[in-house]
Amino acid sequence: MYNLVGYISIFLLIFIIHVMALRWPAVSKILYIALAVRILFLFINNHLFYLPDGDMDAKSFERFAWENAQDGFLNNFNNYSGPGTYFFSFMLAIPYSLFGRSILLVQSLSIFFGIASVFLGWLLAKKIWDNNTAIKVGWSIALFPTLVSYSVLTMREVYICFFLLLAIYGVVNWT
């Protein structure tokens, strides 16, 4: 059952990326390749062997999220200990408490934020420079090995990159 939720979330992710690619055709090839590479690494990590860092922090964040989700959705908020090391696990416990334990679900959520970082990097470079530079930046972010690896794992880094890019984009728009 938990794999069904995970596969549905992956198909939903593919649909969202397809809609983004239709809306912004200049970056569509980059988004599709970024999605394909991340899904390939997702299946490598889950079925063949662990990616680097895939069996240490990623497992502990996921396990802590599952332990918090055991009490149910509303009781999950009682387990909130404030900002700290396991805030990320607290956030992962929310979908776990709603849909059950599905590692593919939280990994597809990480993939979404990784691809959204690719899109934001492209958009930011396009706003600052020109379209050719934006395409190069988009390809660099889409195929950068560390970003690909951390977008597949249940790690905090991809979320930090996304929200940092979002903040920089807001500053650029403001100026």
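Phe90 counts as buried, with a relative accessibility of 8%. This value, like everything below, comes from a predicted model. Phe90 has its place in helix H5, which covers residues 87–99. If you follow the chain from Phe90 to Glu62, you find the two 28 residues apart in sequence, while their C-alpha atoms are 9.7 Å apart in space.

Because its relative accessibility is 4%, under the 20% cut-off, Gln107 counts as buried. Setting aside neighbours within four places in sequence, the contacts of Gln107 are Leu42, Asn45, Asn46, Ser151, Val152 and Thr154.

Here are the two residues side by side:

| Residue | Helix | Relative accessibility |
|---|---|---|
| Phe90 | H5 | 8% |

In soluble globular proteins, nonpolar side chains tend to be buried together. The largest nonpolar core here has 28 residues, and those touching the most other members are Ile17, Leu31, Leu35 and Ile115. Two or more residues of this core come from each of helix H1 (2–23), helix H2 (28–48), helix H6 (103–128), helix H7 (131–143) and helix H8 (145–152).

Which residues does Leu31 contact, leaving aside its neighbours within four places in sequence? Leu31 is in contact with Ile17, Met20, Ala21, Ile115 and Phe119. Two of these partners, Ile17 and Ile115, are also named with Leu31 among the core members that touch the most others.

How values were computed:
Residues numbered from 1 in each chain as written. Predicted model: local features only at pLDDT ≥ 70, side-chain atom pairs only at ≥ 80, totals over all residues. Heavy atoms only, no water. Core = buried A, V, L, I, M, F, W, Y, C linked by side-chain atoms within 4.5 Å. Buried < 20%, exposed > 50% of the residue type's maximum accessible area, 1.4 Å probe, protein only. Helix = DSSP H or I, 4+ residues; strand = E, 2+ residues; numbered from the N terminus. Contact = heavy atoms within 4.5 Å.
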